[in-house]
Amino acid sequence: MQTSRYGYFRRLVHAAIALFGLGLLGVGMLFYFFGFQGLQAKLGAETTSILYMYHKSFGLVVLVLALFVFFMRKRGGVPPYDPPLAMLLRLPSKLIHWLMILALIVMPILGLIGTIAGGHPVSFFDWSLPQLVSENKALSEQFFHYHMLVGWVLLGLVAIHLAAAYLHGAIAHDKVNSRMGLF
Ligand code: HEM
């Protein structure tokens with residue numbers, strides 16, 4: 001069964017993407033439902049700006065990880081299924097994986113451009129990038145609108161992905177989940 005697992009580093013990257021991705025979607029929903037001012041009123045200004053700083057920082061981390069996965073897939077594909085995956089599942093599972101990877105790349109880029117255009121600091125933990133272009137609020141709003149739309153799409157894809165993982169693990173009892181398991 002060893003041959004049909006992803007390499008250890010790829011499995012580590014998947015665990016990081018899963019953890020940070022779920023966290024970012026959760027925090028993103030807080031931003032969506034409460035807004036900046038609403039969150040400030042609920043959590044205080046300091047906690048709110050810390051949340052935004054971590055959202056931006058981990059968004060950039062996920063961008064780098066998703067780009068890595070993209071190039072690894074392009075270069076080496078995925079390990080063979082042993083036993084082979086049912087014909088009917090092959091195409092949809094491939095499609096969902098590629099769509100998730102693309103969404104995980106596009107979403108941080110949209111957020112990054114929206115942040116820059118809005119004149120907000122681009123934070124990466126303790127560092128802040130200088131403001132390189134002039135502020136354009138309308139452009140920023142447009143980018144955040146698409147950032148949010150891709151977020152909903154990603155949430156739907158992740159829900160399908162988690163349902164599939166549950167079906168493989170709890171119903172089919174095949175070894176598909178162990179391909180990506182850490183242990
Ligand atoms: C308990 C939770 C999860 C389990 C058990 C799980 C399981 C898996 C498995 C088994 C694969 C490989 C599928 C195959 O090659 O047939 C995979 C791939 C993938 N998963 Fe998950 N996953 C989980 C959570 C997540 C989450 C939350 C995300 C995104 C936020 C995610 C994103 C991805 C991506 C992008 C791939 C393709 C990775 C690559 O090609 O290296 N997964 N997952």
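## The iron site

In this predicted model, the iron atom of the ligand has two protein donors, His14 and His161. Each of these residues uses its NE2 atom, and the donors lie 2.0 to 2.1 Å from the iron atom.

His14 has a relative accessible area of 30% and is partly exposed. His161 also counts as partly exposed, at 24% relative accessibility.

## Around the ligand

The ligand has 20 residues around it, and those that come nearest are Tyr6, Arg10, His14, Tyr81 and His161. Tyr6 has a polar side-chain atom 2.4 Å from an oxygen atom of the ligand. For Tyr81, a polar side-chain atom lies 2.3 Å from an oxygen atom of the ligand.

The ligand takes up the space of the second largest pocket. Helices α1, α2 (45-76), α3 (87-117) and α4 are the elements that give two or more residues to the shell around the ligand. Helix α1 provides the largest share of this shell, with five residues.

## The overall fold

The protein contains four helices and two strands. Read from the N terminus, the order of these elements is α-α-α-β-β-α. The C-alpha trace spans about 55 × 35 × 30 Å along its principal axes. The protein has 183 residues, of which 31% count as buried.

Ala66 is part of helix α2. Its relative accessibility is 1%; the limit for buried is under 20%, so Ala66 counts as buried. The C-alpha atom of Ala66 is separated by 7.9 Å from that of Leu102, a residue 36 positions away along the chain.

Ala165 is part of helix α4. With a relative accessible area of 25%, Ala165 is partly exposed. Between the C-alpha atoms of Ala165 and Leu25 the separation is 19 Å, and these two residues are 140 residues apart along the chain.

## Backbone details

The peptide bond that leads from Asp82 to Pro83 is cis, and its omega is near 5°. Pro83 sits in the loop between α2 and α3.

Phe125 is not a glycine, yet its phi is positive, near 50°. This residue lies in the loop between strand β1 (122-124) and strand β2 (127-129). Phe125 counts as partly exposed, at 29% relative accessibility. His173 is another residue that is not a glycine and has a positive phi, of about 50°. The place of His173 is the segment after α4. At 60% relative accessibility, His173 counts as exposed.

Note on methods. Residues numbered from 1 in each chain as written. Predicted model: local features only at pLDDT ≥ 70, side-chain atom pairs only at ≥ 80, totals over all residues. Heavy atoms only, no water. Donors = N, O, S within 2.8 Å, 3.2 Å for Na, K, Ca; no water. Buried < 20%, exposed > 50% of the residue type's maximum accessible area, 1.4 Å probe, protein only. Near = heavy atom within 4 Å. Polar contact = N/O pair within 3.5 Å; in protein donor to acceptor, adjacent residues only side chain to side chain. 1 Å grid on protein atoms, 1.4 Å probe; cavity = no way out; pocket = protein on both sides within 12 Å on 5 of 7 lines; lining within 4 Å. Sits in = over half its atoms within 2 Å of the grid points.
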